[in-house]
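Please open the model in your viewer and keep the selection tool at hand. We will walk from one stop to the next, and at each stop you will be told what to select and what is there.

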Amino acid sequence: MPTIVVDVMPKSELLDPQGKAVSGAFARLGVAGFSDVRIGKRFELTVDGEVTDEVLAEVKKLADDVLSNAVIEDVVGIEVVQ
């Protein structure tokens, strides 16, 4: 059965406290080469049947209305994986 992956990230203009904590941990551990860390959410939706344009439209609506908070988050990707 196909799976649709939805990725949601905090809006770029907002502070990401989890990302800042990880970035600080990198610095304390001596990890170099990364200037910023942002942490988001990943949803995997298993589809019963085939993925049609209608199914993708429904997932887009669900991503915007249910899986993300439009005030503080952006839906950054919707991808079909097998």
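This is a predicted model: local features need pLDDT of at least 70, side-chain atom pairs count only at pLDDT 80 or more; totals for chains, interfaces and linings use all residues.

Residues are numbered from 1 along each chain as its sequence is written, and side-chain values use heavy atoms, with hydrogens and water left out.

**Stop one: the core**

Select Ile4, Val6, Val8, Val47, Val59, Ala63 and Leu67, the seven residues of the largest nonpolar core. Such a core is a set of buried Ala, Val, Leu, Ile, Met, Phe, Trp, Tyr and Cys residues joined through side-chain atoms within 4.5 Å; buried means under 20% relative accessible area, exposed over 50%, and partly exposed in between, with a 1.4 Å probe and protein chains only. The elements that give two or more residues to this core are β1 (3-10) and α2 (53-67), where helices (H or I, at least four residues) and strands (E, at least two) are DSSP runs numbered from the N terminus. In soluble globular proteins, nonpolar side chains tend to be buried together.

Now centre on isoleucine 4 and show its contacts, meaning heavy atoms within 4.5 Å. Leaving aside neighbours within four places in sequence, the residues in contact with isoleucine 4 include Phe43, Leu45, Val47, Val59 and Ile78.

**Stop two: a serine in a loop**

Next, select serine 68, which lies in the loop between α2 and β3 (73-81). Is serine 68 buried or exposed? Its relative accessible area is 10%, so serine 68 is buried. A polar atom of the serine 68 side chain lies 2.7 Å from the backbone oxygen of alanine 63. Not counting residues up to four places away in sequence, serine 68 touches Val8, Ala63, Glu73 and Val75.

**Stop three: charged pairs**

The structure holds five salt bridges, each a side-chain nitrogen of Lys or Arg within 4 Å of a carboxyl oxygen of Asp or Glu. Begin with glutamate 73 and lysine 41, whose closest N and O atoms are 3.2 Å apart. Glutamate 73 lies in strand β3 and lysine 41 in strand β2 (residues 41-46), so this pair ties together parts that are 32 residues apart in sequence. Glutamate 73 counts as buried at 15% relative accessibility, whereas lysine 41 counts as partly exposed at 33%.

Then move to aspartate 64 and lysine 60, which form a salt bridge with their closest N and O atoms 3.1 Å apart. Because they are four residues apart in helix α2, aspartate 64 and lysine 60 are separated by about one helical turn. Aspartate 64 is partly exposed, with a relative accessible area of 33%, and lysine 60 is partly exposed too, at 38%.

**Stop four: the surface**

Finally, select leucine 14, which is found in the loop between β1 and α1 (17-29) and is partly exposed, with a relative accessible area of 32%.

Notes:
A polar contact is a pair of N or O atoms within 3.5 Å; within protein, one must be able to donate a hydrogen and the other to accept it, and residues adjacent in sequence count only if both atoms are side-chain atoms.
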